Amino acid sequence: MAEKSFSTHVNQIYLPGDSVVLSKTDENSNAKIVLGPGLRKYGKQILVTKPGILRTKSSPPTYWIDCHHRRYVPARGDDVIGVVTNKVGESYKVYIGSSEEASLSSIAFPGATKKNKPNIQIGDLVFAKLLIASADMEPELVCVNSLGENVGLGVLSTNGFLFTVPLHHIRKLLNPECTLLKSLGKALPFEIAVGMNGKIWIKAKSVKQTITLARAISMSEHMNKEEMNQLCKKFIDRQAGF
Amino acid sequence: MKETPLSICEKQCVIQAVKEGQRVDGRSLAEQRKTCITFGTEWGCCQVLLGNTRVMAQVSCTIQVPKSSRANEGMLFINVEMSTMAAEHFEAGRLGQQGIEVNRLVERCIKDSRCIDLESLCILVEEQAWEIRVDIHVLNHEGNLIDAATLAALGALCHFRRPDVTLDGREVIVHQLDERDPVPLTILHYPLTLSFALFDQGKIYALDPTNLEERSADGKLVLGLNAYRELCTLQISGDGVFIRKEAVLSCANVAASRAVEMVEMLKKCLAADAAERIKGKYDGLVSSVALEAERITTQSQATAYFKTPVHNLEENADEESLSVPKTKLVKDQGIVTLETKSDVSSSESDIEMEPLPPASVVKKRVYEEIDIGNDSEEEPVMLITKELT
Amino acid sequence: MVTNFACLQTTLHNFVLFFTITFLVQFKTHSYLCFIKILKSSVTLFTMETEQKSIRALKCEQSVLSRADGSVMFSQGNTVVMASVYGPLEAKIQKELSDRMYVEVNYKPKTGMPGVAERGKEKLIKTTCNHIILTNLHPRTAVCITIQEMQDGGTLLSASINAVCLALLDSGLPLQCLVAAVTCLVDKKDKIILDPCIRTVKEGYKAMFTFAFDSQKYNLILSHCEGQVPYQLFQEAMELCQKASHIIFDFYRQAVLRKFSKELL
């Protein structure tokens with residue numbers, strides 16, 4: 001097993017079981033080093049647990065493995081889209097694609113009180129933030145920030161369309177460098193909610209446009225930046241032809 | 001595990017789209033997903049891909065004592081297997097409601113239509129006969145399991161060869177496969193099923209529904225037909241769905257022409273497989289394992305991935321005709337007559353039919369462009385709904 | 001010396017301990033590192049069906065199934081196996097483990113119902129998976145692994161283990177290390193044949209071994225043996241398989257590289 005050092009092997013493929021060695025500068029400095037998803041400390045070694053590409057960012061030096069996923073594992077602070085499946089007492093059960101259904105209190109909505117509750121039906125979609133996400137506990141969702149203010153979360157309209165894409169594709173779409181959604185928006189105005197759990201809710205003027213956009217987005221999974229630009233160009237040309 | 005819950009939003013969008021004559025995966029209402037058929041090295045192994053739905057069937061045979069009520073006949077046993085591989089709510093070893101429905105419909109289509117000559121499977125009356133067993137494995141559930149399962153079962157039965165037997169007095173000698181050329185089954189006709197999802201109280205119907213469409217639909221119409229346009233099975237399921245007589249006939253028309261095409265395709269695939277086998281060095285399903293490099297390196301391939309399944313198989317030759325089923329459908333509709341009464345609907349469709357786009361145009365659209373939206377070219381297929389509403 | 005290993009009754013742990021002691025002493029790491037170098041250049045050339053000292057052609061397609069979290073169609077020579085991984089899923093109450101993930105393995109034969117032989121394979125694969133998955137990272141959940149036999153080309157057990165490993169890689173579940181399984185058999189002339197094809201298997205053999213090794217130190221994770229041979233031959237067979245496992249690890253790396261080819265800068 002060839003041991004690779006961080007500095008020279010960032011953006012390289014790693015497989016579970018490979019070990020990585022810190023670069024000289026990181027090793028000698030006293031600054032804390034953050035190991036993100038896919039890396040774990042085992043004795044003095046740093047071992048890889050997921051197959052993927054090693055990525056890094058500075059201050060504080062952070063390293064993680066960029067991996068492909070399809071199944072969502074809740075993480076605190078993620079914005080997710082869920083389907084309301086049941087109402088238990090004062091809270092709703094929400095399916096977010098994880099191993100356990102999340103709970104969403106009926107007073108965790110902007111302006112909601114014990115008497116004034118939001119109108120939510122079973123089967124509705126909610127866009128919410130994960131407040132509690134731990135391996136040992138039931139995940140909990142909220143639709144407000146810590147001050148109880150409206151931050152754009154809540155129930156999604158039933159006029160849009162919901163589709164699921166792999167999680168790595170979501171990460172790619174939400175990357176500030178990815179211009180796909182913006183350039184698609186130039187051709188066709190649309191509303192979109194992107195959940196970190198792989199679910200995308202989209203709504204355009206007509207059903208036809210909604211479907212077209214949804215297909216374009218899910219199609220871009222295996223594309224790099226250049227190909228995405230090409231796709232957008234084709235898409236815009238097509239819209240112009242209407 | 002429970003099935004992924006269906007949101008109101010998805011359901012409404014599917015219904016609204018269908019009402020407007022389009023579908024969420026970009027197909028038109030009477031368009032099937034791309035079908036791929038591959039065979040394994042063993043006799044009687046057939047894998048079918050219907051879009052992303054994937055089903056594999058394997059035929060095997062044993063010598064058994066025939067039933068006393070049918071002493072001069074062999075037996076045919078059909079078994080559908082669903083495991084967690086296909087979807088998370090399936091459980092290995094337990095079929096569930098959906099599994100039983102698939103199993104029963106495949107049985108009705110293949111066994112009850114008597115497409116296999118069971119008498120030819122008898123070796124010694126009342127003593128020994130072949131029992132043919134078809135194991136159907138559902139590998140990926142993306143809707144319309146019934147059609148995929150029947151096609152796989154039929155493909156496997158056509159592909160299957162049983163060991164030859166000779167009689168020495170009353171002693172049965174079974175010849176091993178390498179000893180004597182194995183014998184194919186006698187197939188009298190080729191029955192297939194075609195399913196339609198019914199929307200809007202049976203006014204609108206979509207051929208080859210995906211999982212999302214199946215779950216959003218009011219009901220389902222399953223038609224079993226053979227290449228002679230003869231109806232073998234018909235089932236309408238769903239809660240209180242009403243469907244008009246004309247609609248059934250019109251569905252049957254569409255299904256009949258598709259059944260003819262699909263049987264043709266199956267025969268072509270079988271012939272291609274036989275040709276490959278003669279060449280030697282045959283590796284069966286290995287050739288259907290595609291490398292990722294082929295799939296994701298260029299955009300054209302990514303396009304192909306979404307427009308057509310990943311596997312470009314031996315039947316490349318008929319791919320062209322298959323990728324544009326809607327044009328075929330329109331062309332055929334004029335001549336289809338399942339029953340004399342249905343003349344009304346078919347003549348109606350003639351009037352509304354638009355001329356076919358030239359072949360070159362169609363071909364270009366499929367191969368060079370990413371076909372995202374539905375264009376006016378697809379209008380002619382909407383006529384099925386138009387004539388009813 | 002004659003050994004007859006019945007793996008079903010023995011726990012995995014004992015095996016790892018026993019074999020690490022026996023074999024790490026005898027192996028010198030550098031000797032097989034040279035071997036990889038030679039093999040690397042000719043990975044694609046292993047197509048000969050009856051080649052004695054090499055593995056047959058490996059081929060895989062990842063994410064073949066649209067619904068599964070991780071899936072693979074894997075072929076090794078003429079053997080084709082499909083494996084799917086779902087997880088972490090909600091565990092059934094009776095299967096839930098408070099400190100780790102429950103691993104469920106289903107092996108599906110091509111014809112008929114799963115019987116004792118299939119249950120045996122499930123058990124072997126399950127112990128292997130329990131060893132390589134970091135199950136304590138997802139407590140109270142379950143992972144469901146299904147293997148579908150698609151084409152029998154002689155080495156179903158080792159192909160299944162390799163397919164499961166690829167499917168786990170595809171699913172992105174946290175793994176401790178990878179595993180590669182190799183089958184070999186001792187024919188009637190006491191010759192060891194690596195990765196035998198179906199014809200060789202059907203011709204009859206004295207013993208058949210399947211070994212699985214981990215990717216870190218190439219330690220033995222699993223050994224499954226049938227038949228009777230002198231201990232010397234068993235050892236020789238294992239050494240051969242251990243060397244051959246490098247080809248499979250190399251193949252895994254290539255497969256992952258292919259999958260990420262779009263995202264490498």
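The model is predicted, so local features need pLDDT of at least 70 and side-chain atom pairs count only at pLDDT 80 or more, while totals for chains, interfaces and linings use all residues. Residues are numbered from 1 along each chain as its sequence is written, and chains are lettered from A, with ligands numbered from 1, in the order in which they are written.

**Chain A overall**

- Chain A has six helices and 17 strands; helices (H or I, at least four residues) and strands (E, at least two) are DSSP runs, numbered from the N terminus.
- Along the principal axes, the C-alpha atoms of chain A fill a box of roughly 55 × 50 × 30 Å.
- Chain A has 242 residues, and 40% of them count as buried, a label for residues with 20 or more other C-beta atoms within 10 Å of their own, the C-beta atoms being placed from the backbone.
- Taking contacts in chain A between residues at least 6 apart in sequence, 60% join residues at least 24 apart; a contact here puts two C-beta atoms, placed from the backbone, within 7 Å.

**Where chain B meets chain C**

- This contact draws on 34 residues from chain B and 31 residues from chain C.
- On the chain B side, β3 (53-64), β6 (128-140) and α6 (292-296) each supply at least two residues.
- The largest share of that side comes from β6(B), with five residues.
- By class, the side of chain B that touches chain C holds 13 nonpolar, twelve polar and nine charged residues; Ala, Val, Leu, Ile, Met, Phe, Trp, Tyr, Cys and Pro count as nonpolar, Asp, Glu, Lys and Arg as charged, and the others, Gly among them, as polar.

**Where chain B meets chain A**

- Here 22 residues of chain B are in contact with 27 residues of chain A.
- The elements of chain B that give two or more residues to this side are α1 (8-19) and α7 (299-307).
- Of these, α1(B) gives the most, with seven residues.
- The side of chain B that touches chain A divides into twelve nonpolar, eight polar and two charged residues.

**Spans listed in UniProt**

- An unreviewed UniProt entry lists residues 33-71 of chain A as "domain: Exosome complex exonuclease Rrp40 N-terminal"; such annotations may be inferred rather than shown by experiment, feature names are shortened, and positions are given in the numbering used here.
- Residues 33-71 of chain A are 0% helix and 54% strand, with end C-alpha atoms 28 Å apart.
- For chain C, an unreviewed UniProt entry lists residues 55-174 as "domain: Exoribonuclease phosphorolytic".
- Residues 55-174 of chain C are 28% helix and 35% strand, and the end C-alpha atoms lie 28 Å apart.

Key:
A residue is buried if 20 or more other C-beta atoms lie within 10 Å of its own, exposed if 12 or fewer, and partly exposed in between; C-beta atoms are placed from the backbone.
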